[in-house]
Amino acid sequence: MATVTFDKATRIYPGGDKPAVDGLDIEVGDGEFLVLVGPSGCGKSTSLRMLAGLEDVNAGAIRIGERDVTHLPPKDRDIAMVFQNYALYPHMTVADNMGFALKIAGVNKAEIRKRVEEAAKILDLSDYLARKPKALSGGQRQRVAMGRAIVREPQVFLMDEPLSNLDAKLRVQTRTQIASLQRRLGVTTVYVTHDQVEAMTMGDRVAVLKDGLLQQVDSPRNMYDKPANLFVAGFIGSPAMNLIEVPIVDGGVKFGNALVNVERDAVQAAADKGDRTVTVGVRPEHFDIVTGDSDSKSLSKDAPAGLAVTVNVVEELGADGYVYGSAKVDGEEKDIVIRVGGRAIPEKGSVLHVVPRGGETHVFATSSGERLSD
Ligand SMILES: Nc1ncnc2c1ncn2[C@@H]1O[C@H](COP(=O)(O)OP(=O)(O)O)[C@@H](O)[C@H]1O
Ligand SMILES: [Mg+2]
């Protein structure tokens, strides 16, 4: 087992004017499950392929443990990769597919058989070893691809969207299986996906990339609680965090008819930079619905406190529901999404008064996008 280090690793494709991956700096711990996530084209596969040795590194270095592997061929890196399309050999049995890399490496037959059978047992494939890939379901093929990686007993597993060919239900099952398998084997793993739910549920830590640049690398909990900038705030969480530009007023920010207590220091930091607004982030699950005029935070005696949100569309999911509404903030109509309880779904066209829950607001600089609040 080993650590993995991306040390300012950069990839510029021939003819490209800007790097596909730009100075990537990540240290993956021994036995850690690290997920690289970001929108299509952000450089996830390129990062993984640099680690695999399938792509040149134009600047910086890559290390596995203490070894500098930056210019080593793939076969000398002691890694095993699982691809999106599995790349199984159609004319070979499951057993031969799983053992193929060992055969090429000159491992003796008895040892190959032993490792393949062990992996098959772990992956629930023992009854299928004599079959050809075409006689397997999508989920079984995926497990064969995993098996092929496991039998090699590598220092590092690399996986590039290994679940994207499975249907939604199987994808959810399989992600749990892969995560628990990785924990059992304890092999350092770098896993690529564009799906933030997959990233959040599987990773010990998550690294968010955008346009070849690392935005944040953190535990799933910290990603959710303290997104480092507006991009991460909008990318992690579903439905996405509401991000609303609001004017700075004395002591805080004005959110409709309510003063929202965001961190004073954060607002001051924005004001010091000359910003007249900040961007406040509130997740759909962090609004409280207020009724009547009982709320003392109201700025006006007549209107209830909070932001008046007109309900445009309601999505009922049973356990809960999402209100897609609009509200006037600083004279402009803004879209806003609010999670409500499954037994308290408001009527379309009605008006809700909402306030962000204390301690659950995020403040970002409108100008730079950087997080200002703690
Ligand atoms: N072989 C290549 N030649 C030139 N550009 C490439 C090549 N592969 C990928 N790119 C470009 O590099 C960027 C990152 O691609 P990629 O790493 O595949 O992104 P992701 O896996 O996050 O979708 C994209 O802009 C893509 O078009
Ligand atoms: Mg990719």
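pLDDT is the predictor's confidence in each residue, from 0 to 100. The legends below refer to a predicted model.

**Figure 1. Confidence across the predicted protein and in residues 293–301**. The mean pLDDT of the protein is 92, and 95% of the residues reach at least 70. Residues 293–301 are drawn in close-up; here pLDDT remains under 50. The model gives this stretch 14 contacts beyond four places in sequence.

**Figure 2. The residues surrounding ligand 1**. Ligand 1 has around it Tyr13 and Ala20, together with a run from Pro39 through Ser40, Gly41, Cys42, Gly43, Lys44 and Ser45 to Thr46. Sorted by class, this shell holds four nonpolar residues, five polar residues and one charged residue.

**Figure 3. Polar contacts of ligand 1 with Tyr13, Gly41 and Lys44**. From the side chain of Tyr13, a polar atom lies 3.3 Å from a nitrogen atom of ligand 1. Gly41 takes part through its backbone, where an N or O atom is 2.7 Å from an oxygen atom of the ligand. For Lys44, an N or O atom of the side chain is 2.9 Å from an oxygen atom of ligand 1. Taken alone, ligand 1 exposes 560 Å², of which the protein buries 54%.

**Figure 4. The segment annotated as a domain, residues 4–236**. An unreviewed UniProt entry carries the annotation "domain: ABC transporter" for these residues. In the model, residues 4–236 are 36% helix and 24% strand.

**Figure 5. The loop between β6 and α2, with Tyr86 and Thr93**. Strand β6 spans residues 79–82 and helix α2 spans residues 94–104. Tyr86 lies in the loop between these elements; although Tyr86 is not a glycine, its phi is positive, at about 65°. Thr93 belongs to the loop between β6 and α2 as well. The Thr93 side chain reaches the backbone nitrogen of Asp96 at 3.1 Å. Leaving aside residues up to four places away in sequence, Thr93 touches Leu129, Ala130, Arg131 and Lys132.

**Figure 6. The cis peptide bond between Ser238 and Pro239**. Omega for the bond from Ser238 to Pro239 is near -10°. Pro239 is placed in the loop that runs between helix α8, residues 230–235, and strand β11, residues 242–249.

Conventions
Residues numbered from 1 in each chain as written. Chains lettered and ligands numbered in written order. Predicted model: local features only at pLDDT ≥ 70, side-chain atom pairs only at ≥ 80, totals over all residues. Heavy atoms only, no water. Contact = heavy atoms within 4.5 Å. Near = heavy atom within 4 Å. Polar contact = N/O pair within 3.5 Å; in protein donor to acceptor, adjacent residues only side chain to side chain. Areas by Shrake-Rupley, 256 points an atom, 1.4 Å probe, with all protein chains shown as cover. Nonpolar A, V, L, I, M, F, W, Y, C, P; charged D, E, K, R; others polar. UniProt positions renumbered as here; feature names shortened; annotations may be inferred. Helix = DSSP H or I, 4+ residues; strand = E, 2+ residues; numbered from the N terminus.
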